[in-house]
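These are my notebook entries on one chain. I set down what I looked up, topic by topic.

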Amino acid sequence: MEEETTEVTIVAQDSLSLITKAEIDVQISTAKAFPRSIKMFLDKAMSIATISEEVAASCNYAVPRGGKAITGPSIRLAEIVCSAYGNIRSGARVIANDGKTITAQGICHDLETNNCVTVEVKRKITDKNGRTFSEDMQVVTGNAACAIALRNAVFKVIPAALINDIYEQTKEVAKGKAETLPARRKKAVDFFIQNGVNEKQICEVLDVKKIDDIDLDKLSILRAMVSTVKNGEGTVKEMFEKEIESLKSKVLNDEQ
């Protein structure tokens, strides 16, 4: 009986570079031959981003900082506009882990204009006591860093003037109607309660006295915070831990 042999082909780094270059050259040639239509891009991106309240809400992120919420377009909106824009290459990966921080790199390349932007994002992988996260949490943190790096790269290549109107429309759609406020408010609050956050912490972050004081505007921030967690751009612990520490420092300063 003859023994089977398996041939293993090792591709040199130079060969991989040539293959990648050839692929990009073909993509650039195709992009030049079939240029995008800005009108079609705007229509397609707007229709996808505002197709439902859930989709619109996922296009927004919110992170509490010092009693206020930092809001903006999320990775989900970046994915939508990137897909609708066309003739574009994008991606993200973790490029470094020194045991204290993870560095992710996001890249976005407009094949028509040959405008390429690379963005790096660092995220801590140690807690407030200096202990390193578990391997699973490092993976989660790495994914979050990649999402942020990709989002930032895409929004540096696709002009903000084209995205702003879409983003503003998603915020309006995500608010919904006043008559559905109690049900949607309860759903958003329950999401954080199930993840170990109490109502007092939620009220402190939104700067309200009680849950019933959360109106449509505050609810849009809260739902954006939910989207931030679901999109992998942040964690519940990280989001509220920073806010709690900030509030403790503020109270301590007031007492002093």
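For the first entry I took a pocket to be an open set of grid points where a 1.4 Å probe fits, with protein on both sides within 12 Å along at least five of seven lines. I note that the model is predicted.

**Entry: second largest pocket**

I looked up the second largest pocket and found about 320 Å³ of space in it. Its lining has 13 residues, of which Glu54, Lys187, Arg223, Val226 and Lys230 are the closest to the centre. I sorted the lining by class and recorded six charged, four nonpolar and three polar residues. I also noted where the lining comes from: α3 (53–58), α7 and α9 (216–230) each supply at least two residues.

**Entry: helix α7**

I then checked the length of α7, residues 181–193. At 1.5 Å a residue, its 13 residues should span 18 Å, and the end C-alpha atoms are 18 Å apart, so the two values agree. Next I asked which residues of α7 are buried. They are Leu181, Arg184, Arg185, Ala188, Val189, Phe191 and Phe192. These residues lie on the same side of α7 because they cover an arc of only 150 degrees around the axis. I recalled that an α-helix has 3.6 residues a turn, so residues three or four places apart point the same way. On the other side of α7, I listed Ala183, Lys186 and Lys187 as exposed.

**Entry: largest nonpolar core**

I counted 33 residues in the largest nonpolar core. Those with the most contacts inside this core are Phe41, Leu77, Val81, Ile88, Val154, Phe155 and Ile158. Two or more residues come from each of α2 (38–49), α4 (75–85), β4 (101–110), β5 (115–124), α5 (135–157) and α6 (160–175). The most come from α5, which gives 10 residues.

**Entry: Ile107**

I located Ile107 in strand β4. The C-alpha atoms of Ile107 and Ala153 are 5.7 Å apart, although 46 residues separate the two along the chain.

**Entry: positive phi**

I reminded myself that most residues other than glycine have a negative phi. Asn87, in the loop between α4 and β3 (88–97), has a positive phi near 50 degrees. At 51%, Asn114 counts as exposed, because the cut-off is over 50%.

Definitions and conventions. Residues numbered from 1 in each chain as written. Predicted model: local features only at pLDDT ≥ 70, side-chain atom pairs only at ≥ 80, totals over all residues. Heavy atoms only, no water. Helix = DSSP H or I, 4+ residues; strand = E, 2+ residues; numbered from the N terminus. Expected span 1.5 Å × (residues − 1). Buried < 20%, exposed > 50% of the residue type's maximum accessible area, 1.4 Å probe, protein only. Arc of directions from axis to C-beta. 1 Å grid on protein atoms, 1.4 Å probe; cavity = no way out; pocket = protein on both sides within 12 Å on 5 of 7 lines; lining within 4 Å. Points joined across faces, edges and corners; volume = space filled by probe spheres on them. Nonpolar A, V, L, I, M, F, W, Y, C, P; charged D, E, K, R; others polar. Core = buried A, V, L, I, M, F, W, Y, C linked by side-chain atoms within 4.5 Å.
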